[in-house]
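The structure comes first, then the points by topic.

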Amino acid sequence: MDQPNALSAYISESMTGASSLKYNMLYSMYSYPNIILPFFSGIFIDRLGLTSSTSILFGLCIFGQGLFVIGGYVGNTSGLVFSLIGRTFFGMGNESL
């Protein structure tokens with residue numbers, strides 16, 4: 001959950017325009033999908049089964065983490081966008097697991 005805190009110095013140095021508002025959006029994008037998603041994740045798990053749904057949710061976590069890493073490597077404003085999208089996918093998968 002707390003990858004942005006471990007990378008805060010790197011994010012503020014490498015990503016141009018990463019103000020505190022944009023930095024805190026990394027936490028918000030993790031949490032926004034989980035306002036509604038828990039209502040549907042139980043139905044999703046019941047329909048697909050535990051093994052299949054766990055694999056899909058784990059895949060979302062890996063995909064989101066990969067986008068977050070790519071955003072760190074890009075390191076500019078588009079890197080921040082990659083990181084925000086990655087945090088969204090990571091939150092969708094992680095909180096439902």
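Helix α3 (residues 20–31) packs against helix α6 (residues 77–96) at an angle of about 25°, with the axes 7 Å apart. The model is predicted: local features need pLDDT of at least 70, side-chain atom pairs count only at pLDDT 80 or more, and totals for chains, interfaces and linings use all residues. Residues are numbered from 1 along each chain as its sequence is written, and side-chain values use heavy atoms, with hydrogens and water left out.

**Packing of α3 and α6**
- α3 and α6 are therefore roughly parallel to each other (angles under 35 degrees).
- Their crossing is right-handed.
- From α3, Lys22, Met25, Leu26, Tyr27, Met29 and Tyr30 meet residues of α6, including Leu80, Leu84, Arg87, Phe90 and Glu95; contact means heavy atoms within 4.5 Å.
- The residues of this contact divide into eight nonpolar, four polar and three charged.

**Helix α5**
- Helix α5 (residues 50–74) has 25 residues, which at 1.5 Å a residue should span 36 Å, and its end C-alpha atoms are 36 Å apart, in agreement; the expected span is 1.5 Å times one less than the number of residues.
- Ser53, Leu57, Cys61, Gly64, Leu67, Phe68, Gly71 and Gly72 of α5 are buried (under 20% relative accessible area, with a 1.4 Å probe and protein chains only).

**Asn34**
- Asn34 lies in the loop between α3 and α4 (37–48).
- Asn34 is buried, at a relative accessible area of 17%.
- Leaving aside residues up to four places away in sequence, Asn34 touches Gly91 and Glu95.

Terms used. Axes fitted to C-alpha atoms, helices over the stretch in contact; angles between N-to-C directions. Helix = DSSP H or I, 4+ residues; strand = E, 2+ residues; numbered from the N terminus. Parallel < 35°, antiparallel > 145°, perpendicular 65-115°, else oblique. Left-handed = near helix turned anticlockwise from the far one by under 90°. Nonpolar A, V, L, I, M, F, W, Y, C, P; charged D, E, K, R; others polar. Buried < 20%, exposed > 50% of the residue type's maximum accessible area, 1.4 Å probe, protein only.
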